[in-house]
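The sequence and structure are shown below.

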Amino acid sequence: MSALKILVIPGSLRTGSLNARLAAAAAHEFALAGVEVTRISLGDFPLPIYDGDLQTKSGVPKNAVNLKRMMATHHGVLIVTPEYNSSVPALVKNAIDWVTRVHDAHETRGQVFRERPFAIAAASENRLGGIRALAALRLILSACQASVVPNQLALSFAGEAYDDMDRLKHPADIEALNALVRQLIDVAQAMM
Ligand SMILES: Cc1cc2nc3c(=O)[nH]c(=O)nc-3n(C[C@H](O)[C@H](O)[C@H](O)COP(=O)(O)O)c2cc1C
């Protein structure tokens, strides 16, 4: 069996992003578990806001195709999203919208979502930890026919959650992250 490969996608481009830091902490845990982990930035896949006329005129942008193929070369995907106005940021939704429009030859539409499990996490400065963004993201991914693992992590008071090494410092957060990482690994292995 080939090595398990997990893709980690932070949903923020902001310098010092709390979600990018959580994505980095998660990537570290995947690596400790012996997984081949790839952590990308959506900044490397810039996309226009989805517009059907643009798709008709110019097709699906190359970056959407590249992002979809990046997902397709991994056995599982973790998305770490900020919460904006009780939902997911446009950056995350727009990337998913474009990826759903990619149709590679010999594939049915949405195959990339169906063939691998997804896990979701969020980080926020407040008490709820972005849990409403997670509810929205779970709904969006489910609509794409993705299996989203039951565990999730809503990291509350995320500004205070990391130590000097940028690792989570509170035992409950560490436990929740490990449970999420473990579950994505287990489900991805079962679907390989
Ligand atoms: C437009 C906007 C809306 C926001 N709405 C929420 C919200 O609904 N819930 C929340 O917990 N934080 C909200 N925030 C605060 C973000 O969670 C906070 O800025 C967070 O640090 C963003 O993630 P990042 O650090 O990964 O960039 C909002 C921030 C912005 C810019």
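How much space lies in the largest cavity? In this predicted model, the largest cavity holds about 100 Å³ of space.

## Largest cavity

The lining of the largest cavity consists of I9, L42, L67, M71, I79, V92, A95, I96, V99 and F113. By class, this lining has 10 nonpolar residues, with no polar and no charged ones.

Two helices, α3 (62-72) and α4 (90-100), each contribute at least two residues to the lining of the largest cavity. The most comes from α4, which supplies 4 residues.

## Second largest cavity

The count of cavities of 30 Å³ or more comes to 2. In the second largest cavity there is about 50 Å³ of space.

Around the second largest cavity lie K68, V99, V102, H103, D104, E107, T108, R109, G110, Q111 and V112. This lining comprises 3 nonpolar, 4 polar and 4 charged residues. V99 lines the second largest cavity and is also listed in the lining of the largest cavity.

## Largest pocket

Which residues line the largest pocket? They are S12, R14, S17, L18, N19, P82, E83, Y84, A123, S124 and E125. The space in this pocket amounts to about 170 Å³.

The lining of the largest pocket divides into 4 nonpolar, 4 polar and 3 charged residues.

How values were computed: Residues numbered from 1 in each chain as written. Predicted model: local features only at pLDDT ≥ 70, side-chain atom pairs only at ≥ 80, totals over all residues. Heavy atoms only, no water. 1 Å grid on protein atoms, 1.4 Å probe; cavity = no way out; pocket = protein on both sides within 12 Å on 5 of 7 lines; lining within 4 Å. Points joined across faces, edges and corners; volume = space filled by probe spheres on them. Nonpolar A, V, L, I, M, F, W, Y, C, P; charged D, E, K, R; others polar.
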